[in-house]
Amino acid sequence: DPGVGSALPEGGVCGRGVLLCSFVKLLAMAASLINPRSSSPSPLRFTSLRPLLPPSSHRFAVPLPNDFGLSGLLHSSPSLKSLRRPPPYLNLRTERSGVSFLVARLQSPSAAADAKVFHGQCFVVGDNIDTDQIIPAEYLTLVPSKPDEYEKLGSYALSGLPVRYGRFLEEGQNKSKYSIIIAGSNFGCGSSREHAPVALGASGVRAVVARSYARIFFRNSMSTGELYPLESEARLCNDCQTGDYITVDMERSIVINHTRDKQYALNPIGDAGPVIEAGGIFAYARKTGMI
């Protein structure tokens, strides 16, 4: 499976037998952690990994299929349940075997379109962040439909910001550790370039939470399906700081700042939600039979 193979460390080779053994060992260790005193493993509930773990560019230490979830583990383990903020990865240990392993979130092109609960660190900006600051005009010659140029767009996201905001991307990287942007009013003002939400999406941003948006940026975000432009009822940019760990729960219309132990209300995204979830306006049209 190319999806699982790509999650292995570079240069690694994994046959079917090795992959099966690794997966069986993973299940055994997870069951041991949930119920270490029982000789028979406790059943696990498998849902989706994406709502549980923050985005990360780390590779898997143990290969997992895309639909492997750990919700039963999180609900059953007092040590994990008491975490006040989600870490960049889960470090699960079994006392019986002394073996530890890391589970990192599996990246996929549709990750921003098929989850309604996001975890990650936030990058905070103020009011009137325009499209020149999001993606400077000199990079508009890049064509997002070409995979290599799409990645390059991500490497230039928010490169036009004033230096007081700090670095959104590390030098030479095209993926940011900040998957959620917290902004003030009128985010995305300026030109009508679709490259603005595309560049943010290519850099790993899954949602922007702002007090308000320029209409054209909101529309472009919906049309491209790159990210969710969410409106907050309060000015979160006054309360949050870059690096805070955030949960955006679209199903409950709330934002939780785990670092500062605060919760805020979101305005429902409305009819734009299904379009973004489908992957953009054309994907939504195909999905609903319009084209």
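Reader: Where is methionine 290 found?
Author: Methionine 290 sits in the segment after α10 (281-287). Helices (H or I, at least four residues) and strands (E, at least two) are DSSP runs, numbered from the N terminus. This is a predicted model, in which local features need pLDDT of at least 70, side-chain atom pairs count only at pLDDT 80 or more, and totals for chains, interfaces and linings use all residues. Residues are numbered from 1 along each chain as its sequence is written, and side-chain values use heavy atoms, with hydrogens and water left out.

Reader: Why is methionine 290 called exposed?
Author: Buried means under 20% relative accessible area, exposed over 50%, and partly exposed in between (1.4 Å probe, protein chains only). Methionine 290 has 58%, so the word is exposed.

Reader: What makes Phe282, Met290 and Ile291 a patch?
Author: Patch residues have over 30% relative accessible area and no salt bridge; like charges are joined within 9 Å, nonpolar side chains (Val, Leu, Ile, Met, Phe, Trp, Tyr) within 5 Å. Phe282, Met290 and Ile291 form a nonpolar patch on the surface. Together they have about 390 Å² of accessible area, computed by the Shrake-Rupley method with a 1.4 Å probe, where for residues only the protein chains shown count as cover.

Reader: How do you know that glutamate 277 and lysine 116 meet in a salt bridge?
Author: A salt bridge is a side-chain nitrogen of Lys or Arg within 4 Å of a carboxyl oxygen of Asp or Glu. Here the N to O distance is 3.7 Å, so the pair qualifies. The structure holds 6 salt bridges.

Reader: Why does the pair of glutamate 277 and lysine 116 tie together parts of the chain?
Author: Glutamate 277 lies in helix α9 (residues 272-278), and lysine 116 in the loop between β2 (100-103) and β3 (117-124), so the linked parts are 161 residues apart in sequence.

Reader: What makes arginine 235 and aspartate 127 a salt bridge?
Author: Their closest N and O atoms are 2.9 Å apart. That is within 4 Å, so the pair counts.

Reader: How far apart in the chain are arginine 260 and aspartate 244?
Author: These two form a salt bridge, with closest N and O atoms 2.6 Å apart. They are 16 residues apart: arginine 260 in the loop between β8 (254-257) and β9 (262-265), aspartate 244 in the loop between β6 and β7.

Reader: Is aspartate 244 buried or exposed?
Author: Aspartate 244 is at 4%, under 20%, so it counts as buried. Arginine 260, at 32%, is partly exposed.
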